[in-house]
Amino acid sequence: MAQLDTLDIVVLVVLLLGTVAYFTKGTYWAVQKDPYASTLTNGLAKAGKSRNILERMDESGKNCVIFYGSQTGTAEDYASRLAKEGSSRFGLKTMTADLEEYDFDNLDQFPDDKVAFFVLATYGEGEPTDNAVEFYEFIQSADVSFSEKGGVEEKALGGLQYVAFGLGNNTYEHYNSMVRNVSKSLDKLGAKRIGDAGEGDDGAGTMEEDFLAWKEPMWSALASAMSLEEREAVYEPVFEVTEKPDMSPEEDAVYLGEPNKNHLEGTSKGPYNAHNPYIAPIAESKELFNDKTRNCLHMEIDISGSNLSYTTGDHIAVWPTNAGKEVDRFVNVLGLADKRHTVITVKGLDATAKVPFPSPTTYDTVLRYQLEICAPLSRQFVASLAQFAPNESLKAEITKAGGDKDYFQERVASMNYNIAQFLEAMGGGEKWSNIPFSLMVESLNKLQPRYYSISSSSLVQKNKISITAVVESLERPNAPHIVKGVTTNYLLALKQKQHGDPHPDPHGLDYAITGPRNKYDGIHVPVHVRHSNFKLPSDPSRPVIMIGPGTGVAPFRGFVQERAQQAENGENVGKTVLFFGCRKPSEDFMYEDEWKQYKEALGENFELVTAFSREGTQKIYVQHRLKERAEEVNKLLEQKAYFYVCGDAANMAREVSEVLANIISEQRGVPKQKAEEIVKGMRSSNQYQEDVWS
């Protein structure tokens, strides 16, 4: 037998290693990371990607990044739409980017042949969204500096071209402050804005049309600045949806609604947050209204052993499930009924495309747990459907609805349609089987948690969180569909089950209340806690005035509960005045018996002022009662009372602010303008706090 020399041995070893490497690829190495395997962070950070945006753009060949600061998903949706349109119409190499996933100290090196978009929602009282906090603090810092250049003096961002659009609500004092402040900071640092900074107004209900009106002149300005040529826009999928007929939905690796890998494997663990819910037991639930036509729920969510904590005034987020009735409608109208439980994988066709949910999964799962299939339609989304219409006459109709603002309002928006209802109504029985499922994944927002003001005190019950929620039902004249609140009706189904209903099915909506693989059975709901700045004064002897009509009373139940406990503990508790409003005391006087108990604990320091809008011939609201108590209110304010408002932003909260300014003006004998400045100063010092919604 011939002897092997050294070279032969080396060659054989190399061949052996190569063979082993080939057969173990994808098993022990070059394994694609599951971005949903971790519960701590989201997106790029999960996948271990670089936080250097310039590196990321260079690696993926991008010349346009659309950053978004989003709380409810709308800003993220607009960012995705801008990315798709920039790519399809102008050939830009686009990517979207979550602000919390990148560092910004190297923006001074941003090349002048690239462009950055900032799509920024303003949250609460002029605050950044949770994912934009670090970016906002960095860019607003008085001594901001960058990797190679200083700050304002050196015009460090002289090479940065940017575009900006803000999402705000004019019922708040600090309307669109995020986009305004960020634009101002970028301009000071030498950045060059292209086009006007757009502003959408959710308070006026014109967000979508504001966005559409802004983007056309913006694209023209950008095309001119970057020498772009417009081309005919064609649908280019961002995601690839692949059916896996060889896989069963019962396989352990298939996601059936679990939010991440730990939940899939049955090893859910904290920290629990906006990316990782805690599956919490509902300890108790009850109906608060004595009105057969309406429901208002009180629920106690048990967070024992979860390491979740809250302080009085915080919010609880409930992760909803879409109604089975609407899931059925969707699969039927898209011709997917026979394939609803087919296993699919979804992957980005671009390295920067972030799949909004884990896979492998099923069509049914995506529609039930992952996408906002019940959301109202945008005109831009409707326009994108025209090319997939089942016939030419429908194509013409959809094109008109997507292109004509007034026609869209008449035929679509005023009808209360969601996407499946719209396709069903327009198609007249036709299936829309030409629509790629990838378009739905790209165009519909991810199903978002809904936030509720916690209606309990952490001092009294640290391991149980109370929710107070009216079950939503929106009806418009001549609209064929009544909009049923996705989350509140889901909670109503859970309450019905807890009270022994063998078929809990409010309004025939058919919720899968036991969750994926029955993991929510035993009356459980996925939740997390969001901390809030809506807080009682640290000194309990300070007086407080609270305005909370309807379910706006929720956080004030927690406030009063806490001050009653402080009084029982022997602390000096200041005057506590609650203005509460509802329709009739016999129908919807929430927590009527509890207020009497708190009165016993607080004595003369607690006063409940009620306003019943439908008891007499005249409608009486909390604003009227506040005006009637002008002298007392002013005296308490002069004692540095804290003033709180919770509820409807568009009407009630605005009118309360106006009444308060009038009270100060009249009681103190100062001009109205001076009184308004005093109210503004109260807001700035957190003496006036709001927890309001539109």
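This is a predicted model: local features need pLDDT of at least 70, side-chain atom pairs count only at pLDDT 80 or more; totals for chains, interfaces and linings use all residues.
Residues are numbered from 1 along each chain as its sequence is written, and side-chain values use heavy atoms, with hydrogens and water left out.

Helix 9 (residues 324–333) and helix 14 (residues 419–427) have axes that come within 9 Å and cross at roughly 45°; helices here are DSSP runs of H or I with at least four residues, numbered from the N terminus, and axes are lines fitted to C-alpha atoms over the stretch in contact, with angles from 0 to 180 degrees between N-to-C directions. The two helices, helix 9 and helix 14, are therefore oblique to each other, a term for angles that are not under 35 degrees (roughly parallel), over 145 (roughly antiparallel) or 65 to 115 (roughly perpendicular). On the side of helix 9, the contact (heavy atoms within 4.5 Å) is made by Glu326, Arg329, Phe330 and Val333, and these meet Ile419, Ala420, Gln421, Leu423 and Glu424 of helix 14.

The second largest pocket holds about 340 Å³ of space, where a pocket is an open set of points on a 1 Å grid over the protein atoms alone, reached by a 1.4 Å probe, with protein on both sides within 12 Å along at least five of seven lines, and lining residues have an atom within 4 Å of a point; the volume is the space filled by probe spheres set on the points, which are joined across faces, edges and corners. Its lining comprises 15 residues, with Glu173, Arg654, Ser657, Val679 and Arg683 nearest the centre. Two or more lining residues come from each of helix 22 (649–668) and helix 23 (672–684), and helix 22 gives the most, with six residues.
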